Amino acid sequence: MIRVERVCTVCGRSISRRRKWGPDGESVEHCSDACRRQGLSQKDRRTEQVIIDLLQRRAPDATICPSEAARAVADGEEWRMEMERVRRAARRLHRAGRIQITQKGQVVSPDRAKGPIRLRLRGVGMQV
Ligand SMILES: [Zn+2]
């Protein structure tokens, strides 16, 4: 049997086996009730594009700090409030194979990344 890893459509984290099926046997798309309630807003979608745009303006193997994307998304508002939005978007993009999340130059799984991360376009190094 092929084991398909399910990923939360909101935060990009793996959905634990325990949560894989809902009470009625339907497949679940979210890792938690919080993510299910939150859903994806237009701003969340725009945040993905902001990350891609920032990276495409750099050298192919260059990285950005998520705070750069947060500043662009915040547009003069308090950018720290946007950091979690950026991190969620980064995990979704990583899962979609569009970018890589790195720590100390190594690609890391979105589930394991703890602490500061950097983002780069996919194509350098191995996908986790
Ligand atoms: Zn989630």
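This is a predicted model: local features need pLDDT of at least 70, side-chain atom pairs count only at pLDDT 80 or more; totals for chains, interfaces and linings use all residues.
Four strands form an open sheet in the order E1-E4-E2-E3, and their pairing is antiparallel. Its edges are strand E1 (63-64) and strand E3 (106-107), each of which pairs on one side only. Strand E2, covering residues 99-103, is joined to E3 by two bridges, and these two strands run antiparallel. Within this pair, glutamine 103 of the chain lies opposite glutamine 106 in E3. The hairpin made by E2 and E3 has two residues between the strands, and lysine 104 adopts a positive phi near 50 degrees in that hairpin. E2 also pairs with E4 in the antiparallel sense, here over four bridges, and isoleucine 99 has leucine 121 as its bridge partner in E4.

**Helices on the sheet**

| Helix | Strands touched | Angle |
|---|---|---|
| H4 (residues 83-95) | E2 and E4 | about 115 degrees with E2 |

**The contact between H2 and H3**

Two packed helices are described by the angle between their axes and the distance between the axes. For H2 and helix H3 (residues 66-74), the angle is about 125 degrees and the axes are 9 Å apart. H2 is therefore oblique to H3, since angles of 65 to 115 degrees would count as roughly perpendicular and those over 145 as roughly antiparallel. The crossing in which H2 passes H3 is right-handed.

Which residues of H2 and H3 make the contact? On the H2 side they are Thr47, Val50, Ile51 and Leu54, while H3 contributes Glu68, Ala69, Ala72 and Val73. By residue class, the contact of H2 with H3 comprises six nonpolar residues, one polar and one charged.

Methods: Residues are numbered from 1 along each chain as its sequence is written. Two strands pair if DSSP finds at least two bridges between them. Two residues are in contact if their C-beta atoms, placed from the backbone, lie within 7 Å. Axes are lines fitted to C-alpha atoms, for helices over the stretch in contact, and angles run from 0 to 180 degrees between N-to-C directions. Angles under 35 degrees count as roughly parallel, over 145 as roughly antiparallel, 65 to 115 as roughly perpendicular and the rest as oblique. A crossing is left-handed if the near helix is turned anticlockwise from the far one by less than a right angle, and right-handed if clockwise. Ala, Val, Leu, Ile, Met, Phe, Trp, Tyr, Cys and Pro count as nonpolar, Asp, Glu, Lys and Arg as charged, and the others, Gly among them, as polar.
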